[in-house]
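This briefing covers a helix pair and a set of salt bridges. The sequence and structure come first.

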Amino acid sequence: MPIISQKDYIIAAAAFITAFAIALISTPSMRKLAFKLNVIDVPRDERRMHKTPVPLLGGIAIALAFIVCALIFANRSPQLFGILLGGALITALGALDDKFDIPAGWKLLAQFAIAAVPVLFGLRIDRINDVFRIFTEEGGRISLGILSVPLTMIWIVGLTNAVNFIDGLDGLACGVSFISGVSIFIISMKLGDANSAILIACLCGACLGFLPYNTNPAKIFMGDAGALFLGYTLATLSILGLFKWYSFVSFGIPFLVLAIPIFDIFFSIVRRILHGKNPMKADRGHVHQQLIDLGLNQKQVVAIFYCLSATLGLVSVLISGQNLFRQIIAIIIAVSALLLSLFLFLHREKTLRKKKLGEQAENRENGSSTENRG
């Protein structure tokens with residue numbers, strides 16, 4: 001396993017500071033550009049948590065900081081160029097969506113096309129470990145072959161949308177991405193993967209540089225340009241780094257680190273399907289919105305998500321390494337927690353549906369009684 005040198009730590013620190021400075025300095029310019037181009041988020045429906053119009057396009061500052069620093073500090077390779085090209089394209093797609101509100105179906109199709117870019121440059125989840133020795137005597141690695149292409153694209157598109165789904169409160173998506181990035185950075189350093197650590201340091205610096213403008217009350221939103229970029233970049237960097245070290249359990253470490261957005265998109269899609277709605281159509285049913293409806297304010301909800309993300313990140317750091325038993329146990333616990341959450345979620349949906357049907361029946365009875373008296 002490679003050893004991290006003092007020089008690598010210095011480069012990672014320099015990348016973090018530079019990305020932080022670029023994002024911090026360029027965000028006000030993106031705010032002015034958003035006003036000039038009239039790319040403004042106006043609260044027209046109940047999904048919006050803000051009460052006054054807020055400019056978008058802040059995500060361009062995050063993308064700019066990451067791409068510039070990645071080119072300066074990271075080792076250049078075809079995979080890196082593929083990641084950066086795809087990152088530029090996903091940012092452009094998000095910016096266009098912020099301005100013109102692209103239909104969900106077309107946006108999803110474009111995301112798959114963009115996800116194919118890093119794959120064409122060689123970035124793939126191409127192997128899994130046969131840890132239970134089902135197909136190999138030594139528990140060796142099994143090549144996924146052509147299946148590596150769709151699997152990689154699904155992971156990229158899924159996580160891209162997962163981060164976009166939680167971008168509903170001031171500082172939420174950017175802060176969770178920063179915390180997840182710190183966890184991946186520590187694991188990458190622990191595994192001796194200096195290049196991945198430097199790249200994730202660029203992303204963390206960019207997020208932290210944008211956060212002062214995005215915390216409640218936000219002066220600017222990252223918009224889809226930023227949310228899609230953060231999800232895409234976290235997905236591709238996890239493939240570049242974490243998936244290189246973990247195979248069968250490789251989904252476990254990224255899954256724990258990025259559990260908050262993954263859980264939210266999973267439950268949102270399930271809930272919408274259960275209600276007969278388009279799973280990609282936005283609504284007011286995300287976890288953070290439900291917590292707001294329970295009476296918490298934005299800062300409290302964001303703090304809860306930060307703590308959960310940090311806890312899951314800490315667990316992922318503690319179980320990373322060569323102890324396969326601990327990794328499998330952690331995955332079993334995570335899956336069990338997911339199934340328990342799903343059960344509670346379905347029970348809640350069933351209860352709410354019964355309550356709604358009861359209220360409708362009561363309203364019909366009251367209406368009938370009024371008509372009879374009339």
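A residue is buried when its relative accessible area is under 20%, exposed when over 50%, and partly exposed in between (1.4 Å probe, protein chains only). The model is predicted: local features need pLDDT of at least 70, side-chain atom pairs count only at pLDDT 80 or more, and totals for chains, interfaces and linings use all residues. Residues are numbered from 1 along each chain as its sequence is written, and side-chain values use heavy atoms, with hydrogens and water left out.

**Salt bridges**

- The count comes to 2 salt bridges (a side-chain nitrogen of Lys or Arg within 4 Å of a carboxyl oxygen of Asp or Glu).
- Asp 97 and Lys 107 meet at 2.8 Å, N to O; Asp 97 lies in α3 (residues 78-100) and Lys 107 in α4 (residues 104-120), 10 residues apart.
- Asp 224 and Lys 107 meet at 3.1 Å, N to O; Asp 224 belongs to α8 (residues 223-240), 117 residues apart from Lys 107.
- Shared partners join Asp 97, Lys 107 and Asp 224 into one network.
- Asp 97 is buried at 7% relative accessible area, Lys 107 is buried at 13%, and Asp 224 is buried at 14%.

Helices here are DSSP runs (H or I, at least four residues), numbered from the N terminus.

**Helix pair**

- The axes (lines fitted to C-alpha atoms over the stretch in contact) of α2 (residues 58-73) and α7 (residues 194-214) come within 9 Å and cross at roughly 150 degrees, on a scale from 0 to 180 degrees between N-to-C directions.
- That makes α2 roughly antiparallel (over 145 degrees) to α7.

Note on methods:
Helix = DSSP H or I, 4+ residues; strand = E, 2+ residues; numbered from the N terminus. Parallel < 35°, antiparallel > 145°, perpendicular 65-115°, else oblique.
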